[in-house]
Amino acid sequence: MKRKVMRRVAGALWDVWRSRFGRSALGGGRDRGMTTSEYAVGTIAACAFAAVLYKVVTSGAVMSALQSLIKEALDAKF
């Protein structure tokens with residue numbers, strides 16, 4: 001009796017999962033990854049973020065803060 005109930009519950013859960021996520025959950029969906037244009041946009045966004053990060057890190061205020069942090073760490077007494 002318990003096995004029948006467990007099978008029904010498992011079947012019901014599987015039906016809900018399949019209806020919720022469809023074929024993509026089973027690997028049969030049409031979307032299989034990014035297209036070339038999506039890679040291009042992602043690459044450009046990553047390069048832009050890297051350029052902004054480089055500018056921030058090499059700015060005067062950040063450089064002096066990093067230098068003082070490193071100097072304090074090296075001058076620490078144990």
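These legends go with several close-up views of one predicted protein chain.

View 1. The protein chain has three helices and zero strands, so its elements read α-α-α from the N terminus on. Helices (H or I, at least four residues) and strands (E, at least two) are DSSP runs, numbered from the N terminus. Of the 78 residues, 1% are buried, where buried means under 20% relative accessible area, exposed means over 50%, and partly exposed lies in between (1.4 Å probe, protein chains only). The accessible surface comes to about 7,600 Å², and 66% of this belongs to carbon and sulfur atoms; such areas come from the Shrake-Rupley method with a 1.4 Å probe, and for residues only the protein chains shown count as cover.

**View 2. A patch of positive charge sits on the surface.** Meet its members: Arg3, Lys4, Arg7 and Arg8. Patches are made of residues with over 30% relative accessible area and no salt bridge, joining like charges within 9 Å and nonpolar side chains (Val, Leu, Ile, Met, Phe, Trp, Tyr) within 5 Å. A salt bridge is a side-chain nitrogen of Lys or Arg within 4 Å of a carboxyl oxygen of Asp or Glu. Lys and Arg count as positive, Asp and Glu as negative, while His and the chain ends are not counted. Each charge is placed at NZ of Lys, CZ of Arg, CG of Asp or CD of Glu. Look for Arg8 in helix α1 (residues 2-25); Arg8 counts as exposed because its relative accessibility is 68%.

View 3. Phe49, Val52, Leu53, Val56, Val57, Leu66 and Leu69 share about 640 Å² of accessible area.

**View 4. Helix α3 is hardly covered.** Among its 15 residues, the count of buried ones is zero. From first C-alpha to last, α3 reaches 21 Å, close to the 21 Å expected (1.5 Å times one less than the number of residues). Leu66 lies in this helix and is partly exposed, at 37% relative accessible area.

**Notes.** Residues are numbered from 1 along each chain as its sequence is written. In this predicted model, local features need pLDDT of at least 70 and side-chain atom pairs count only at pLDDT 80 or more, while totals for chains, interfaces and linings use all residues; side-chain values use heavy atoms, leaving out hydrogens and water.
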